[in-house]
Every structure is written in structure tokens, then in C-alpha cells.
Amino acid sequence: MDRDDTAALQQRVVAAIAAQQKLSIAGGGSKQFMLKAGEGVALSIAEHSGITAYNPTEMVLTARAGTTIAEIESVLLEQSQMLPSESPGFGAKATLGGTVASSFCGPRAAFAGSLRDIVLGCKLLNGKGEVLSFGGQVLKNVAGYDISRLLVGSYGILGVLLEVSIKVVPRPAAEITLAVEKASLQQALAFSNKLICAALPVSAVCFYDGLMRLRISGNEATVQSLPAALGGEVVSNHFWAQLSNLELPFFADSARPLWRLNLPATTPVLALEGSWLTDCNGAQRWYRGPECAEKIRSLCHAAGGQAMYIKDGSDKIATFQPLESNLVRWHQQLKLAFDPHRLFNSDVMYPDL
Amino acid sequence: MKQAHDPLLDTALADVDAGQLTAALQATMPSASVLCSREAMKPFECDGLVSYRNMPLAVVLPETVEQVQGVLKICSKLGVPIVARGAGTGLSGGALPCSNGVLLVLSRLNQILEIDAEQRCARVQPGVSNLAVSVAAELHGLYYAPDPSSQIACSIGGNVAENAGGVHCLKYGLTVHNIISLKLFTAAGELLEIGGANAGLDILALVIGSEGMLGVVVEITLKLLVKPPSVSTLLAAFDDVEVAGQVVADIIAAGVVPAGLEMMDKLALTAAEDFAHAGYPRDAAAILLVELDGYASEVDADVEVVQKVLAAGGATQVRRAENEAQRALFWKGRKCAFPAVGRLSPDYYCMDGTIPRHTIGEVLNYINTLSAAYQLPVANVFHAGDGNLHPLILFNANNPGEFARVEEMGGKILEKCIAVGGAITGEHGVGREKINQMAVQFSDAEIAQFQALKDALDPAGILNPGKNIPTLKRCQEYRAISQCASVELA
């Protein structure tokens with residue numbers, strides 16, 4: 001689909017300023033399950049879609065915010081390229097705008113580049129109804145403040161992403177996934193880090209239920225030589241798409257609340273009762289269990305990390321780890337610098353933002 | 001030499017009682033750490049962009065983080081501008097002092113506080129030199145990836161301020177990709193920790209490359225990488241610059257991401273060869289240096305692919321470094337290229353635009369046209385893999401009016417970069433130098449958004465004023481002036 005809705009979206013924002021109407025930015029709705037709904041009326045970017053520039057030798061793709069991740073991946077596949085962040089398509093629902101705004105990455109991101117690592121530029125519709133361009137389509141660009149990266153993971157509180165330029169990478173010639181039994185997370189991470197220190201082209205590491213999954217991406221010769229050397233069983237590469245799209249059985253159990261913890265990779269197992277799935281070589285851990293939010297957050301904070309509560313229908317628990325008290329003012333000031341009338345996505349991240 | 005204070009660029013100078021300021025500073029730190037005399041301050045009047053000079057009211061060299069905080073609190077209370085400076089190797093006048101302000105030199109905060117081999121990270125103070133981190137990490141088989149050519153001297157704090165790059169960015173990223181967290185003081189002297197696993201907006205990414213306009217960084221946690229077990233470097237010669245430019249795009253199109261992909265034209269490679277005796281072919285019109293690193297079987301396969309692309313693309317000669325000594329020599333020529341070119345002429349002016357790779361040939365031709373029109377020789381040595389040009393314009397500052405011509409020509413090169421879809425600076429920063437071209441790259445609304453952001457985090461505007469973001473008035477003036485070009489192109 002190729003459609004430029006910029007003028008219409010801009011008019012909606014200008015009208016909202018006049019009517020003092022709050023706006024809740026919506027894409028394909030693929031992440032509604034995990035986030036609070038913003039206040040106000042919906043402002044959909046889903047129709048504002050289409051790849052506007054893609055030159056494979058530049059390894060850069062520019063697309064409107066409503067373009068689906070599925071469409072982008074299929075266009076990249078034709079040129080043997082891919083998104084390094086392995087962001088999930090959630091069927092054909094996830095949009096580029098929503099993916100960038102929520103910084104939603106998959107297992108490869110820890111090795112090949114997360115969304116904030118690969119965003120090169122963007123067009124933003126700010127809270128004054130202005131269409132602004134920051135960054136560009138080149139890999140290096142230090143003119144002005146790096147607003148493009150600030151918008152990654154900003155959950156729409158600073159404005160409406162209209163267009164994003166991202167760095168893409170060549171698809172590896174060969175990939176293999178190994179399943180290796182490990183008694184503990186510690187043993188699994190010791191194993192993976194040994195491989196990383198030997199500069200093996202590891203591209204994903206996950207551990208749960210006593211089984212570690214490890215993906216190696218490289219040329220045919222490297223990949224074929226490894227199973228014998230490393231041990232374990234060769235399993236389907238499809239595992240990583242299931243993990244990225246949260247389709248593994250671990251995610252299906254909806255009886256207990258789900259949390260996503262981001263921690264320094266070497267953090268020991270946290271003393272929380274329940275079940276765990278560890279991704280990103282230890283840096284991202286999914287937790288399901290009976291423990292209360294305060295305990296989860298305080299342990300996480302003590303370990304130098306943060307915990308995101310994945311909403312289960314109730315809005316009683318805050319989605320995000322509270323801000324450090326001395327960062328609150330900077331957040332409030334930044335919000336007002338971009339969205340002086342407080343139109344966008346109120347309360348999605350924090351109250352008063 | 002450039003005017004220090006420009007009423008169009010800068011807000012009116014605040015009234016500062018110099019006596020009161022120095023007395024307060026001297027009460028905060030040993031008096032030997034506060035310089036006020038012209039003689040003592042002279043070495044600090046410029047950074048690596050020596051054609052821009054200015055004397056501050058005082059230069060302070062704190063030895064502790066607490067002293068830094070003390071300076072900020074004094075300046076914030078008195079409304080005195082503060083310019084932070086690391087090693088002073090910057091090339092855009094980002095650390096040019098403010099005439100009614102304090103120059104805050106962070107070079108004495110030079111401790112590597114911790115190297116954590118298990119987590120592969122290092123905690124350092126801002127005055128530590130870039131290279132010192134890799135030297136200290138080598139013991140653990142680790143290194144810090146960003147490697148600007150000035151890495152022997154440049155400081156990590158300065159690298160953060162400019163989002164410094166280097167020759168290995170294509171594969172390993174810029175400073176912003178290699179920093180885990182920062183401790184910084186706000187303009188008012190409040191300590192913030194940003195990055196790491198902190199929740200909220202990605203303020204870390206915003207601060208990196210902000211040219212000391214949003215805060216003063218006092219501690220940095222860096223990512224360290226495992227030293228690649230296998231490294232291979234190819235040197236390819238071409239008899240045409242444009243052909244070499246096309247091969248750069250071809251290598252990427254073949255699905256290879258080299259660790260480094262550098263290009264030098266005839267003037268640059270001859271100067272480098274004379275200086276470093278790196279074994280560069282003097283008869284070539286251009287050379288490419290292609291470095292591949294990683295796991296041995298991956299590197300071997302990539303080398304094979306690149307060799308085929310180079311041959312098919314018209315390389316007249318391809319050499320693979322036979323050993324570590326020869327590899328180091330290939331790079332020595334490249335890393336010495338700036339000083340080597342410096343020997344050809346009394347002065348040179350280094351540009352830093354970035355362009356999409358497929359326009360390299362077009363832009364190099366345009367630079368040649370400008371060079372002929374302005375009668376100023378240009379040597380090109382640059383990071384071809386990421387489209388980051390470094391044209392070096394040769395001139396003699398003692399010839400009246402010559403520097404003005406150089407700046408005008410440099411401005412045109414940057415504007416060409418914008419026209420082909422690139423940017424005015426890839427890694428040196430806007431600083432004071434490229435502030436005019438900001439008006440070409442950005443609209444008034446975009447400049448106003450930058451200013452709103454700056455006002456939000458430094459409401460009194462005391463951190464590095466007059467740099468990076470021009471006033472709207474200045475933008476309008478520059479756009480009007482640049483309508484009428486003074487040198488006609490053939």
C-alpha cells in the first residue's frame with residue numbers, strides 16, 4: 001500500500017490543539033495487549049503507509065510509519081537483506097511506527113543491532129502540528145541533536161512518527177539453531193559467552209526449561225562445521241520467529257501476569273518464584289509468577305535493571321519501572337518541548353507525561 | 001581569524017563580574033587549578049580548529065568530580081557560560097571558549113575506574129584518552145571499538161560530546177552504539193545517571209553528540225568488544241577515482257560488511273606514502289583499504305568475495321597484508337593522512353560531510369570542479385564505507401582573504417552533501433564552524449524544535465552557548481546571503 005496521509009494527520013493535530021482534544025496514536029494495534037490505552041480519541045497512522053526509499057547498496061530503507069513490518073521484511077528478503085532488530089511482525093499487524101515507538105526488538109537485536117542502534121532519521125509530527133525531519137539516510141550524521149533516537153521507545157508521547165529511515169543488514173548465507181541441555185541459566189550463559197569470546201557468529205541465545213537455544217549465522221562452511229564441535233541437537237530456526245512474536249507455549253499461559261525484565265546480561269537469577277524465559281544472552285528475561293510488582297521492581301532496580309508489566313486486562317499496575325526521581329523533571333520538560341499542549345498518548349508511559 | 005562574539009549568532013553577553021567569578025572559583029579548588037592570566041590561558045584559546053580563537057574569563061582544571069559540580073553551581077548562580085573541553089582535538093570549534101565564560105577542562109579527570117571483563121565493559125572518567133581504554137582492556141582480550149584518527153590524544157568525554165566515529169564504524173558503530181551509561185551534571189550542577197537499564201526516554205542517545213550543550217559528563221560506562229581472532233586487510237589501487245567509488249558500493253552490494261572501508265585519492269595517498277612509507281602505489285589515482293575481521297572461516301570467505309569484487313570492478317592491483325606488521329603499515333598511512341597532507345601546505349581545512357555511497361563519484365567530481373574554480377587544491381581521504389567524506393582544502397592563512405575563500409568553498413561542499421541526501425557533519429560536529437550550514441540542512445521549525453529541547457534541559461542557556469544550533473535570525477540571514485554566490489563555477 002502506498003499512501004501519504006501527512007496533510008490529513010497534520011490537520012487532525014491542528015484541530016486537536018484548537019479543540020483541546022487529547023489524541024491516542026494507533027498503528028496496527030499489535031501491542032495493545034501490553035500497553036495502557038492513551039487518553040482521548042484515536043489517531044490512526046495505519047493508512048499512512050508505503051516504502052518511500054530503498055537502495056540495497058546503501059543498506060538503508062525509508063518507510064512511512066503505517067507500513068507493516070511484514071511488508072518491509074518481504075521487500076528486504078528479495079534483496080537478501082533484513083532488519084537486524086528482528087522485530088516481530090505479529091502477523092501482518094505490527095507497523096514500523098509502532099515498532100519504533102515501542103522499541104520492540106527480537107532475539108537478534110542483542111547481536112546485530114536494536115532499533116535505537118539502527119534508526120538513522122525520521123519525520124515527526126510534533127504537538128504544534130509541525131512536520132519536522134531529523135537525521136537522514138546516511139549512517140553518520142551528527143548535525144543537531146539526535147532526536148531520531150530519542151523517539152525510539154518514546155511510546156508516542158513526544159509526537160506522531162510519520163516516516164523512519166533504518167539501517168538494514170545482509171541476510172546471513174546460512175543459519176543453524178542448536179538446542180543444548182543446561183542445568184541452569186548460569187551454565188547456559190557461561191557456555192554462550194565462551195562462544196562469543198571466541199568470536200563465533202552467534203546471533204541469538206535463549207534459555208528456558210533447562211534447554212538453551214543458540215543460533216549461529218554465517219557462511220555455509222562455518223555453520224556446517226559447528227554442530228559437531230558444540231554438541232546439542234539441531235532444531236528448526238523457526239523457534240526464533242516464535243520467540244520474537246511471543247508465540248511459544250511460555251507466552252500462552254495467561255493465568256499468571258507476564259513481566260519483561262531488562263537487566264545487565266550477567267545478573268544472577270533473581271529470587272522470584274515462577275517461570276522464566278531468558279533471551280538476548282541474559283539481557284532480557286520474561287517472567288511469569290505470583291510475586292507482587294513491588295518485589296519484582298525492587299529486585300530489578302537493585303540489579304541495575306527495569307521491569308515492564310505486560311498488562312493482563314487490569315490497569316492497576318503501572319506498565320513501566322518508575323523513573324528515578326531526578327529524571328522526572330527532564331522527562332516533563334522534554335514532553336513540553338515537543339508537545340506543549342499535551343496532546344499525545346497521555347498516561348501511556350507515566351502519569352503527567 | 002574568526003570573530004569570537006557575533007551578535008547575530010549569540011545572545012547578548014551577560015554582565016559578569018570577573019573578580020567575583022574568579023574569587024568564587026578559587027574558593028572551590030586549589031588556586032593552581034584556576035587560570036586567569038592571558039599567558040596561562042593562551043594554550044586553551046582554541047581546539048583543533050585553530051582558525052577560531054577566543055579568550056575566556058577563566059580556565060579551570062578540576063581534579064575531582066566534586067570540583068566540577070562546584071564550578072557548575074557557581075556559574076549557574078552567576079549566569080556565566082561554561083564550555084567543557086576534553087583534550088581539545090575537536091575539529092569544529094565545539095570547545096571554542098566563550099569570552100564572558102569559563103572554560104571547564106576535564107583532562108585531569110583521567111582515571112580508568114574499572115574494567116569488568118565478564119560484563120565486557122569499562123567505567124572511565126571523561127579525560128581518559130580513547131586509546132588508553134583499548135590499551136587497558138587488551139589484557140582481557142577486549143578493546144573499545146570507536147577509533148577516531150586522533151585516538152592517541154582525544155578524550156572519551158569529547159568522543160561522547162561529538163558522537164565520535166573512526167575507521168571501524170561501518171561494522172561496529174559510532175560512540176552512541178558503544179556507550180552503556182553516563183553520569184552527568186545538569187547546568188545547575190545536579191548529578192544524573194542516564195542509560196544502563198534506566199526506564200523512560202532514551203536520554204542517553206540524546207546526550208551523546210549534543211556537543212556539551214545539555215550537560216557535563218563526568219563518568220562513562222563503555223562497551224568493550226572481544227578482539228577479533230582473525231583480521232585481514234586488502235589494499236586495492238585504481239586508476240580512476242569514480243571507479244573506486246563504485247567499487248565501494250559493489251562491496252556492500254555483495255553482502256559483505258567490512259570492519260573498515262577507506263578511500264584516499266592521489267594527493268592524499270602520495271602525501272601519506274611520503275610521510276609513512278606504507279607501501280602505497282604512487283601511480284594510482286585512488287586506493288581503497290578494506291579490512292575484514294571476525295571468526296577465521298568467515299573472514300576467509302569474505303576476503304574471497306571482496307577480492308572478486310575488486311577485480312571485477314577494475315582494480316589495477318590488489319594486495320593482502322601478509323602479516324600483522326604489514327597490516328599495521330597499511331593503516332599507519334591512513335591514520336597519518338591528515339598530518340601528511342599538512343606537510344604539503346602551510347594550512348589545511350578539514351571537512352566532514354556525509355553522503356549516500358552511490359553518490360561518492362558525483363560528489364568527488366564536484367569537489368574537483370570547486371577546487372579548480374577556487375584555485376585551492378583538495379586532498380580526499382575518507383571513510384568510504386559509511387559515506388563520510390574528509391576533503392582537506394590546502395591553503396595559506398597568511399594570504400589575505402584566502403581563508404574566507406576556503407570557508408566559502410567548504411560551505412559549498414557541505415551544501416552539495418545535503419543536496420545528494422547527506423549531512424553536513426558525520427563525526428566532527430557542528431560546533432561553531434558549521435553553524436551556517438545548519439540553516440541549509442534544517443527548516444526554521446526544525447531549528448526551533450532543537451532550541452525548545454535545549455531550553456527544556458538548560459533553561460538559562462549557559463552550557464556552550466553559540467554552538468551547534470544557530471538562532472533563527474542567523475538562519476534567515478545566511479539563507480539570504482547564500483543566494484548570491486561569489487565564485488562562479490565553470
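Is A:Leu246 buried, exposed or partly exposed, and how many other C-beta atoms lie within 10 Å?

## A residue in a loop of chain A

The model here is predicted. In it, A:Leu246 is partly exposed. It has 19 other C-beta atoms within 10 Å. A residue counts as buried at 20 or more, and as exposed at 12 or fewer, so a count of 19 falls in between. A:Leu246 sits in the loop between α9 (238-244) and α10 (249-252) of chain A. Its phi is near 55°. That is a positive value in a residue other than glycine.

Why does A:Cys280 count as buried? There are 21 C-beta neighbours inside 10 Å of A:Cys280. The cut-off for buried is 20 or more, so A:Cys280 passes it.

## Chain A as a whole

Chain A has 12 helices and 17 strands. Its C-alpha atoms fill a box of roughly 65 × 50 × 35 Å, taken along the principal axes. Does its radius of gyration agree or disagree with that of a compact globule? For 353 residues, a compact globule would have a radius of gyration near 20 Å. Chain A has 21 Å, which agrees.

Of the 353 residues in chain A, 52% count as buried. Contacts also reach along the sequence. Take the contacts in chain A between residues at least 6 apart in sequence. Of these, 66% join residues at least 24 apart.

## Chain B as a whole

Chain B has 17 helices and 18 strands. Its C-alpha trace spans about 70 × 60 × 40 Å along the principal axes. With 490 residues, a compact globule would have a radius of gyration near 23 Å. Chain B has 23 Å, which agrees.

Buried residues make up 56% of the 490 residues in chain B. Among contacts between residues at least 6 apart in the sequence of chain B, 72% join residues at least 24 apart.

## Two helices inside chain B

Look at helix α1 (residues 18-28) and helix α3 (residues 65-78) of chain B. Their axes come within 9 Å and cross at roughly 160°. Angles over 145 degrees count as roughly antiparallel. α1(B) and α3(B) are therefore roughly antiparallel to each other. Their crossing is right-handed.

Which residues meet here? From α1(B) come B:Leu21, B:Ala24, B:Leu25 and B:Thr28. From α3(B) come B:Gln67, B:Gly70, B:Val71, B:Ile74 and B:Leu78. By class, this contact has 6 nonpolar, 3 polar and no charged residues.

B:Asp6 is found in the segment before α1 of chain B. It counts as partly exposed, with 13 C-beta neighbours inside 10 Å. B:Asp6 and B:Val16 are 10 residues apart along the chain. Their C-alpha atoms are separated by 18 Å.

## Where the chains touch

How many residues does each chain give to the contact? Chain A gives 60 residues and chain B gives 67 residues. On the side of chain A, several elements give two or more residues, among them β7 (131-135), α7 (185-197), α8 (220-230) and α12 (328-338). α12(A) gives the most, with 6 residues. The residues on this side of chain A divide into 29 nonpolar, 23 polar and 8 charged.

## A helix pair across the interface

α12(A) packs with helix α16 (residues 444-457) of chain B. The angle is about 155°, and the axes are 9 Å apart. That makes α12(A) roughly antiparallel to α16(B). α12(A) passes α16(B) in a right-handed crossing.

α12(A) brings A:Trp330, A:Gln333, A:Leu334, A:Leu336 and A:Ala337 to this contact. α16(B) brings B:Ala452, B:Leu453, B:Ala456 and B:Leu457. The contact of these two helices has 8 nonpolar, 1 polar and no charged residues.

Note on methods:
Residues numbered from 1 in each chain as written. Chains lettered and ligands numbered in written order. Predicted model: local features only at pLDDT ≥ 70, side-chain atom pairs only at ≥ 80, totals over all residues. Contact = placed C-beta atoms within 7 Å. Helix = DSSP H or I, 4+ residues; strand = E, 2+ residues; numbered from the N terminus. Nonpolar A, V, L, I, M, F, W, Y, C, P; charged D, E, K, R; others polar. Rg over C-alpha atoms; globule rule 2.2 N^0.38 Å. Axes fitted to C-alpha atoms, helices over the stretch in contact; angles between N-to-C directions. Parallel < 35°, antiparallel > 145°, perpendicular 65-115°, else oblique. Left-handed = near helix turned anticlockwise from the far one by under 90°.
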